[in-house]
Amino acid sequence: MTENIYQPAVPQGDPSKPEGEAGKQMLKRMNHSHQALRDWGFPYIDWQPGMRILDIGCGGGAAIREMLDLSAGSVVSGIDYQQTSVDTTSETNREFLGTRVDVRQGDAGDLPYDDGTFDLITAVETVYFWPDLPAALTEMRRVLKPGGMAVILNDACDPDGVDWPETEVKLTIYRPEELTGFLADAGFRDITVTIGDDGQKIVVKGTR
């Protein structure tokens, strides 16, 4: 695989590892800074009422809050490996905790859910940081219901076109063919790719 490692400037925190109060404030800023990506990408998802949804790498929880409106009567689970993200997502969605929202700490490569649990699994601006994307996609497929859909939504898909300055924070920008290849290897079918007019935003979907 082509080397896609970039080190973006994050002077106010590490988006791969938000910690403490500074991390919580960064996650709240990201709730707003990722709004344009969600506004562009979420309409490509076939939202249905009463869905069982999982958002992996839930971060600050804004994506989950929007999903509750997009899928009437849905129940949305959020998972993130950082406790600060779990706490911030819970705060963002506190009025729905215990009814339509549950949030827990966990690893994308070892999801703590039963086989065939979810209708939809989303990963919004997060796969950059996953240490083993193929393993995580295999887990995503396992916990999807037959016919369920996985959606990856990223703000960048062309590492040659990204001009982020370097810092110690590392992430991997996946090209469209890499994401589709990983999804196919994990057993997904009917894989589709949509790229934004900016040549960077991308939504990739695959069906179990």
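Both F42 and W47 are buried (buried denotes under 20% relative accessible area, exposed over 50% and partly exposed in between, with a 1.4 Å probe and protein chains only). The model is predicted, so that local features need pLDDT of at least 70 and side-chain atom pairs count only at pLDDT 80 or more, whereas totals for chains, interfaces and linings use all residues. Residues are numbered from 1 along each chain as its sequence is written, and side-chain values use heavy atoms, without hydrogens and water.

Across the whole structure, 5 aromatic pairs were found (ring centres of Phe, Tyr and Trp, the last by its six-membered ring, within 6.5 Å; planes under 30 degrees apart are stacked, over 60 edge-to-face and the rest tilted). Among them, F42 and W47 form an edge-to-face pair, because their ring centres lie 5.5 Å apart and their planes meet at 70°. Y174 and F182 are also paired edge-to-face, at 6.1 Å centre to centre and 85° between the planes. Y174 is buried at a relative accessible area of 6%, and F182 counts as buried at 19%.

In helix 5 (residues 133-143), the buried residues are L133, A136, L137, E139, M140 and V143 (helices are DSSP runs of H or I of at least four residues, strands runs of E of at least two, numbered from the N terminus). These residues lie on the same side of helix 5, because they cover an arc of only 160° around the axis, taken from the directions from the helix axis to the C-beta atoms. The buried residues of helix 5 pack against strand 2 (52-56), strand 5 (118-124), strand 6 (144-154) and helix 6 (176-185), contact being heavy atoms within 4.5 Å. At the N-terminal end, helix 5 is capped by D132, with a side-chain oxygen 3.2 Å from the backbone nitrogen of A135.

Key:
Polar contact = N/O pair within 3.5 Å; in protein donor to acceptor, adjacent residues only side chain to side chain.
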